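Here is a short report on one protein chain.

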Amino acid sequence: MTQDKTNPGRILLVDDHAAFRSEFMECFSEYDIIEACSGEESLEILKKPNKIDLIFLDVNMPGMNGIQVLEKIRSTNSDVGIIIQTGYGSKEVFLNTLREKVDDYIEKPINIKTTKEIIERILSRSSRNKRRMMPISDKRDKGIESIKEALI
């Protein structure tokens, strides 16, 4: 399922390598991408009112590493999609990401086609969940509005 082009999904890209962030943004230009160069910066972005649909999180970063950031994000938000990426895969890193309930795990260098498929899968699941979780009053109000429009 392809994401709606008018609302392609907002991705928070967290990676300490500027060259990787630049290439990622070029390869995935159809998405609204916000950059963070550290775990600390990503957490500051997430504190602000914004709509992040997916977080692309590098594991090895100076200061707070990706696993620590992942733990902090999951302690406050269990719904946002998270993809862990690493150039230094290990069994321990993989198991830590599973414990923290990530949506996917990708090793660098990333395969663009496969990564797009993963992004689309997570974003489409996320948009289905948001529709399903719409408050009852909103659904009722939308139903009332459509009835009003049909009567006019």
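## Surface and overall fold

Accessible areas come from the Shrake-Rupley method with a 1.4 Å probe. By that method, the protein chain exposes about 9,200 Å². Carbon and sulfur atoms supply 54% of this area. The model is predicted.

The protein chain has six helices and five strands. Along the sequence they follow the pattern β-α-β-α-β-α-β-α-β-α-α. Of the 152 residues, 38% are buried. Take the contacts between residues at least 6 apart in sequence: 57% of them join residues at least 24 apart.

The largest nonpolar core holds 21 residues. Leu12, Val14, Ile55, Leu57, Ile73, Ile82 and Ile84 touch the most other members. At least two residues of this core come from each of β1 (10–14), α2 (39–47), β3 (54–58), α3 (66–76) and β4 (81–86). The top contributor is α3, with four residues. A second, separate core has 16 residues, including Phe20, Leu54, Phe56 and Ile110.

Ile82 touches Leu54, Ile55, Leu70, Ile73, Arg74, Val102, Asp103 and Asp104, leaving aside residues up to four places away in sequence.

## Helix α3

Which residues of α3 are buried? They are Gly66, Ile67, Val69, Leu70, Ile73 and Arg74. These residues cover an arc of only 155° around the axis, so they lie on the same side of α3. The face turned away from that buried side carries the exposed residues Ser75 and Thr76.

At the start of α3, a side-chain oxygen of Asn65 comes to within 2.9 Å of the backbone nitrogen of Ile67.

How values were computed: Residues numbered from 1 in each chain as written. Predicted model: local features only at pLDDT ≥ 70, side-chain atom pairs only at ≥ 80, totals over all residues. Heavy atoms only, no water. Core = buried A, V, L, I, M, F, W, Y, C linked by side-chain atoms within 4.5 Å. Buried < 20%, exposed > 50% of the residue type's maximum accessible area, 1.4 Å probe, protein only. Contact = heavy atoms within 4.5 Å. Arc of directions from axis to C-beta. Polar contact = N/O pair within 3.5 Å; in protein donor to acceptor, adjacent residues only side chain to side chain.
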